[in-house]
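These entries record what I looked up in the structure, topic by topic. The structure follows.

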Amino acid sequence: MKKLRSGLICLGVLTLIFAYLGHVMGVSNMLNTIMHTAHDLLLNTCFFLMAVCVLMGALSRLLLDFGVVDLIGRLVKPLMKPLFNLPGEASLGGMMTFCSDNPAIITLAKDRKFAGKFKTYQFISLTNFGTAFGMGLIVIVFMMGQGFVWQPLVGLVGAFAGAIVSTRLMQLFTLKSYPEYRDRQAIVQDTGSESEEVKDSGESVFVKVLNALLDGGKSGVEVGMSIIPGVLIISTMVMLLTFGTSAAGTYTGGAYEGTELLPRLAGKVNVVFDWMFGFNDPHLVAFPITALGAVGAALGVVPKFIAEGWVNGNAVAVCTAIGMCWSGYMSTHTAMLDSLGYRNLTSKAIGAHTIGGLVAGIVAHWIMVLISLF
């Protein structure tokens with residue numbers, strides 16, 4: 001009966017969505033728009049994102065293998081306790097997720113020596129801390145590739161502020177429900193192997209550099225491939241609800257046509273988004289909504305927004321901050337906490353990170369306001 005009930009609910013929701021789209025756009029136009037939008041996103045956005053992932057994957061592996069990531073982690077180590085209430089070792093986890101994706105910090109947390117540095121409530125908050133920097137390097141480079149040089153760096157500052165809020169709130173929520181976690185040492189419930197260390201194999205520097213670049217590039221291909229489903233599925237649906245008719249004012253079945261439902265809804269509370277994020281167009285609300293599920297999919301809507309003239313420097317800074325801080329946490333938090341053995345705290349992690357992402361966007365916006373004054 002449970003499966004039957006969930007099946008009926010799923011069928012009902014899908015029927016309502018496609019009935020609405022088909023009623024507004026026409027069934028034939030709706031189907032053609034879905035196919036054409038997905039095809040254009042694949043060719044002009046996904047492959048561009050994959051190229052960025054490959055290049056950044058190669059660079060990240062080079063920085064990791066030659067100790068640059070560890071060096072930066074050591075430099076920011078003194079900031080971890082006062083800002084995040086985390087041991088200095090957590091800085092390495094932040095750098096790893098910044099160079100790759102959210103789950104990288106879980107791989108590191110499986111190391112018994114690493115986990116032994118944390119109290120239980122701090123260990124649990126690594127999910128929020130690591131997610132706040134997930135795919136950060138890719139997001140920043142992508143935004144810079146769109147012609148905005150320094151605005152993404154403002155977004156990085158905003159994401160950093162969001163990370164502090166999210167991590168601290170998660171620790172607060174955890175201690176409120178489980179006060180005993182304050183003094184309890186973190187225990188790795190999965191007795192995995194210790195984290196691997198780069199050893200000197202006697203190879204020449206040239207060979208080490210070449211191997212690092214090629215191995216990193218391969219991992220970048222995997223990240224790029226993993227982005228494609230989110231971009232094609234989530235971004236296509238979001239665009240159907242964001243954009244309007246063709247230039248002629250009619251539905252033709254072409255790419256990037258839609259019902260403009262999201263902008264109409266956002267326009268009713270636009271004063272809120274204007275104060276919080278400084279969005280000059282209600283269409284921009286599609287970015288944070290998409291970033292909830294996948295930051296790669298959120299990046300997929302940016303080129304079209306730029307082409308429509310909806311994006312300015314402030315929007316880039318805010319979207320970079322929100323994209324980095326949220327980085328698809330709705331689709332990763334459950335799996336990450338389950339991997340650590342604390343799935344029952346998923347709702348608290350999601351609540352804390354929702355607030356953190358909003359703070360990230362607000363901070364980025366008001367920094368841009370201050371910069372504009374000078």
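Which residues of the largest nonpolar core touch the most other members? I worked from a predicted model. I found that this core holds 97 residues, and that F123, L126, F129 and F287 touch the most other members. I then noted that the largest share of the core, ten residues, comes from helix 16 (residues 313–326). In soluble globular proteins, nonpolar side chains tend to be buried together.

I next listed the contacts of L126, setting aside neighbours within four places in sequence. L126 is in contact with L86, A90, I105, A109, F114 and F118.

Entry on cysteines. I looked for disulfides and recorded zero in the structure.

Entry on T252. I located T252 in the loop between helix 11 (205–240) and helix 12 (261–268). Leaving aside neighbours within four places in sequence, I found T252 in contact with N29, S246 and E257. With E257, the contact includes a polar one between the two side chains, at 2.5 Å. A polar atom of the T252 side chain also lies 3.3 Å from the backbone nitrogen of G254. Finally, I checked T252 against A38, which is 214 residues apart along the chain; their C-alpha atoms are separated by 16 Å.

Note on methods
Residues are numbered from 1 along each chain as its sequence is written. This is a predicted model: local features need pLDDT of at least 70, side-chain atom pairs count only at pLDDT 80 or more; totals for chains, interfaces and linings use all residues. Side-chain values use heavy atoms; hydrogens and water are left out. Helices (H or I, at least four residues) and strands (E, at least two) are DSSP runs, numbered from the N terminus. Contact means heavy atoms within 4.5 Å. A polar contact is a pair of N or O atoms within 3.5 Å; within protein, one must be able to donate a hydrogen and the other to accept it, and residues adjacent in sequence count only if both atoms are side-chain atoms. A disulfide is a pair of cysteine sulfur atoms within 2.5 Å. A nonpolar core is a set of buried Ala, Val, Leu, Ile, Met, Phe, Trp, Tyr and Cys residues joined through side-chain atoms within 4.5 Å. Buried means under 20% relative accessible area, exposed over 50%, partly exposed in between (1.4 Å probe, protein chains only).
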